[in-house]
Amino acid sequence: MSKFGDWLNERFPAREMMREHLTEYYAPKNFNILYYTGSLLLLMIVLQFISGFLLMAHYVPTSKDAFDSVQGIMYDTKWGWLIRYMHVDGVSLIFILLYLHMGRGLLYGSYRKPRELLWIIGYVIYIMMMGEAFFGYILPFGNLSYWAGQVITSIIHAVPFIGPGLTTLVRGGAGVGTATLERFLALHAVLWFMIIAALIVLHILALHQVGSNNPDGIEIKKLKGADGIPLDGIPFHPYYTVKDVFGVGVFLAIFAAIIFYAPTMHGVFLERTTFFRANPMVSLPDVTPPWYLAPYYAMLRAVPNKYEGIILMAVAIVLPFFLPWLDRNPVRSSRYRPVYKTMIIVMAITFFTLAWVGEQPPLPKYFLIERLGAAIYIGFYVLLPIISSIEPTKKVPERVRS
Amino acid sequence: MRKTWVGALAGTLVSLGLGLAQADTLATPSYTFDKPTVIAGAKLFAEHCSACHAVSSLRYSRLAVDLGMTKAEIKKDVMLPDGASYLQGMEPTMTPADAKAWFGLPAPNLSHIVRATGARWVYTYLTSFYWDPQRPSGWDNHVFPNVAMPNILAPWGGTYTKDGKVLQAGVEPKAAYDQQVADIVAFLRYASDPSVFERRAIGRYVIGTLVLLSVLAYFLKKEYWKDVHDKDETAAKGGDAKNKGAKKA
């Protein structure tokens, strides 16, 4: 090693960390395409931080100027459109990646012992991301931002006893206005972001403590060679770093295609109603959340009573925390559990159907879909302990399949 | 298993591509969204619309940067209302007080109208006026009932009854008139998304560079992973992977 390297390593454990987390972190060799999502999420968080920093340099958090300052970024700032589209489309891509990342955890039983805490930290990150997205959503102060801010903060009203006071505290006044924008900017750019960044560090540390799962759900640490290295393990660096570079290239090409050719994704990534200035006098016919929050909104609407709807939504958000203890089958991966695999496919279809129906206007014809979807969603978690203890399984091989 | 994944990925990419291709375009008339149609639309907009409607987010000077118009051309053909400033946004000559007195409410700012409602909606709206003597202005609209704006394009496009009967033919042939309305919509579409031409011009190079990098990264990955696959084939035990990893590190 170089002289500088020695100097550094006497004072900072750079080489040690490099070994522990990269060159001597052994990952299973049978990762598939779903295993790109982790590194891509990390990349996206960094990109959101950079684009968010640049946006904040031009943004004015007052109800009078917020909309115009954002349009100033779009019309008058050099490369402003690129930065804003990166930031806005980045959110949808982060949620696509998050759903793939979590879906992978479901498919291959990655939440199972000893990875319960890893799953829980990850799921907390997801919940924090929903908050982060919501705060960011209010800032451009289009009419959708205004009304979404009003509607979502009014949910807090349902908290027993302190609800009304808490709503005023969150809004910084009786309604959504300058005070709301100021505190939401502070939450979005400082507090929430720092908590998410810290949780990501914890998530990676917890992962490296227990080691990565794989599509076969086999614990590679059980079979080690004479040198103490798992037989099916390969060092993360260079094998997966070089593989992830390829994944990053393909992903960024798709990201660029969206930014340059369909930045609003026809109103899905950037809704039409955000292009009207916030106006408390003009209410929107229906305030729908962005697609990635729509499944929960659909469940909220499935019950006509506001309080019961909020409870259903809260239960739906909390249930995945218990997943590690609800699944009682000795086999992890759905590759060897046909019944469980079917359940996950039904669950995935249900989730995206709920996302679609949550975007629709609140019409009676959708009630049945909303209720059926909510029932299947909750039913998955209720039935999992029973089905997982009686379902038939295929024989799990000793070694991973490559 | 591998084939399933490749199939799923290909399916996602194809559907994504179709989504991108299905742009917000007009079915009638056949219509291209490019710089010449936007420039034509800007001139028509200045002539017929900008006395009352602001496009305040768009500065006149952007027309030179984005569309390649000359400053002289912009001053002559687009900055028709008196008092317009080349470096400022497009503001109407009609004051809000005038608008209130004449139409009952101010004319909307059209900066983001196409992003907010869609090009198809704006085109359909502009071609859906009909004569209704009951209304104070004499005009109503199929897609915007009780609209305040009169059909100022009627002398060119013709006056119709609610059932579509011609009361008075316009001076323009129908096809030419529809094309001109489409040009105005093209201008408004550009105005609500002025980065569109710049994006389209550089997008292919950005994507091309990233695809090239991905191809290179793919071959690099293949080279590195050779020994993992070799190890699988010979089923040899031992620390090949470790040695390689240590060397590269």
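Q: Which elements do the buried residues of H4(A) pack against?
A: In this predicted model, helix H4 (residues 66-75) of chain A is mostly covered, with 7 of its 10 residues buried. The buried residues of H4(A) include Phe67(A), Val70(A), Ile73(A) and Met74(A). Their packing partners come from both chains, being helix H3 (37-56), helix H5 (80-107) and helix H9 (178-210) of chain A together with E1 of chain B.

Q: Within what arc do the buried residues of H3(A) fall, seen down its axis?
A: The buried residues of H3(A) are Thr37(A), Gly38(A), Leu40(A), Leu41(A), Met44(A), Gln48(A), Gly52(A) and Leu55(A). Residues three or four places apart on an α-helix point the same way, because there are 3.6 residues a turn. In H3(A) the buried residues line one face of the helix, since seen down the axis they fall within an arc of 140 degrees.

Q: Which residues are exposed on the other side of H3(A)?
A: The buried residues of H3(A) are covered by elements that include H4, H5, H9 and helix H10 (236-261) of chain A. On the other side of this helix, the exposed residues are Val46(A), Ile50(A) and Phe53(A).

Q: How far apart are the end C-alpha atoms of H3(A)?
A: H3(A) has 20 residues, and at 1.5 Å a residue the helix should therefore span 28 Å.

Q: Which element of chain B gives the most residues to the side that touches chain A?
A: The contact between the chains involves 39 residues of chain B and 34 residues of chain A. On the chain B side, the elements giving two or more residues are helix H1 (2-21), strand E1 (55-59), helix H6 (113-117), helix H10 (196-234) and helix H11 (240-248). By class, this side has 20 nonpolar, 11 polar and 8 charged residues. The element that gives the most, with 17 residues, is H10(B).

Q: Which element provides the largest share of the largest nonpolar core?
A: This core has 99 residues, and those touching the most other members are Ile259(A), Ala42(B), Val122(B), Ile184(B), Val185(B), Phe187(B) and Leu188(B). The largest share of the core, 12 residues, comes from H10(A).

Key. Residues are numbered from 1 along each chain as its sequence is written. Chains are lettered from A and ligands numbered from 1 in the order in which they are written. This is a predicted model: local features need pLDDT of at least 70, side-chain atom pairs count only at pLDDT 80 or more; totals for chains, interfaces and linings use all residues. Two residues are in contact if their C-beta atoms, placed from the backbone, lie within 7 Å. Helices (H or I, at least four residues) and strands (E, at least two) are DSSP runs, numbered from the N terminus. Ala, Val, Leu, Ile, Met, Phe, Trp, Tyr, Cys and Pro count as nonpolar, Asp, Glu, Lys and Arg as charged, and the others, Gly among them, as polar. A residue is buried if 20 or more other C-beta atoms lie within 10 Å of its own, exposed if 12 or fewer, and partly exposed in between; C-beta atoms are placed from the backbone. The expected span of a helix is 1.5 Å times one less than its number of residues. The arc is that of the directions from the helix axis to the C-beta atoms. A nonpolar core is a set of buried Ala, Val, Leu, Ile, Met, Phe, Trp, Tyr and Cys residues joined through C-beta atoms within 7 Å.
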